[in-house]
Amino acid sequence: MLTEVADGVLVRQSAFCLSNAVVVLGGEGALLVDPGVTGADLVELADDLDRLGLRVLAGFATHPHWDHVLWHERFGDVPRYATAACAAYARDGLAHLREQPGADAPGAPLDLVGLLKPLPPHTIRLPWDGPDVRVLEHRAHAPSHAALLVEDAGVLIAGDMLSDVEIPLLDVDAEDPIHDYSASLALLRSVAAQVRVVVPGHGNPGRDVAARLAADRAYLASLTREGPSDDPRLAPDAAYGTDWLPQAHLDHVRMAIRS
Ligand SMILES: [Zn+2]
């Protein structure tokens, strides 16, 4: 079900990891960001768009992880934008998913995974026929990650950052993951005054961007300090990711000790 989170911005949440697909309304149709995770998600989203009489004008993938680069033929053969490095990584790094489907994205048309159109370097505004959408490219979480700011609506589509349920998930293969993440939070903080609603890739949309920025900065700081993290997203009674989030945190701690 699509829910309006701000004027002209709708979100559909999947049961899989509370993944959010975002629909931004334009004059003649819609922009579709990170559309969904399973075949059922994608079909239901296409049904919802049909019901609203919306055709898809363009897509956007925030980063080259499989759960953000899916597509369905019912959305049409339209440009699916991403940063240049994201598009290159998705083309090569996710080829195995197109050629040898595994357990990920059950029911989704995997031949369409990661076929993205690279934006020219240093693109500031998304080239589409709709309200101004600013592209904020950075290196946190994954190489060539980008957030989108829907300026008039004041919506920050954060990709896999600023989640109320996930700790910051670092790109542990990067040379300096904590520095990358801190710099990316600073970039997002630089637009925070314009943000009324933040939509994370996983978790709940919220009106608390300042608190989320502070929580993520506190988490990063805890990695270079002795003692356990008191981040509530890691609490034993947290309802999300209890089977993998603590391990991700341990990986971060080990990486911080090594560096
Ligand atoms: Zn991700």
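This is a predicted model: local features need pLDDT of at least 70, side-chain atom pairs count only at pLDDT 80 or more; totals for chains, interfaces and linings use all residues.
**Exercise 1. Sort the lining of the second largest pocket by residue class.**

Step 1: start with the classes. Ala, Val, Leu, Ile, Met, Phe, Trp, Tyr, Cys and Pro count as nonpolar, Asp, Glu, Lys and Arg as charged, and the others, Gly among them, as polar.

Step 2: collect the residues. The lining consists of Thr83, Ala84, Ala85, Leu119, Pro120, Pro121, His122, Thr123, Ile124, Val135 and Glu137. Helix H2 (84-93) and strand S8 (133-138) are the elements that give two or more residues to it. Helices (H or I, at least four residues) and strands (E, at least two) are DSSP runs, numbered from the N terminus.

Residues are numbered from 1 along each chain as its sequence is written, and side-chain values use heavy atoms, with hydrogens and water left out.

**Exercise 2. Give the volumes of the largest pocket and the largest cavity, and describe their linings.**

Step 1: set the rule. On a 1 Å grid over the protein atoms alone, a cavity is a set of points where a 1.4 Å probe fits but cannot get out; a pocket is an open set with protein on both sides within 12 Å along at least five of seven lines, and lining residues have an atom within 4 Å of a point. Points are joined across faces, edges and corners, and a volume is the space filled by probe spheres set on them.

Step 2: take the pocket. Its volume is about 490 Å³. Of its 18 lining residues, His65, His141, Leu169, Leu170 and Trp244 are the closest to the centre. By class, eight are nonpolar, four polar and six charged.

Step 3: take the cavity. Leu32, Leu70 and Leu116 are among the residues lining it, and the classes are nine nonpolar, two polar and one charged.

**Exercise 3. Which residues have the most contacts inside the largest nonpolar core?**

Step 1: a nonpolar core is a set of buried Ala, Val, Leu, Ile, Met, Phe, Trp, Tyr and Cys residues joined through side-chain atoms within 4.5 Å. Buried means under 20% relative accessible area, exposed over 50%, partly exposed in between (1.4 Å probe, protein chains only).

Step 2: among the 32 residues of this core, Val23, Leu32, Leu45, Leu49, Leu70, Phe75 and Leu116 have the most contacts.

Step 3: helix H1 (39-51) is one of the elements supplying at least two residues, and H1 gives the most, with four.

**Exercise 4. What is the geometry of the zinc site?**

Step 1: find the donors, meaning N, O and S atoms within 2.8 Å of the metal (3.2 Å for Na, K and Ca); water is not among the atoms, so sites may look incomplete. His63 (NE2), His65 (ND1), His141 (NE2) and Asp160 (OD) lie 2.2 to 2.3 Å from the zinc ion.

Step 2: check the angles. They run from 90 to 177° among the four donor atoms, and the site is irregular. Four donors count as tetrahedral if all angles lie between 85 and 135 degrees; four count as square planar and six as octahedral if opposite donors are over 155 degrees apart and all others between 65 and 115; anything else is irregular.

Step 3: Asp160 is buried at 9% relative accessible area, whereas His65 is partly exposed at 29%.
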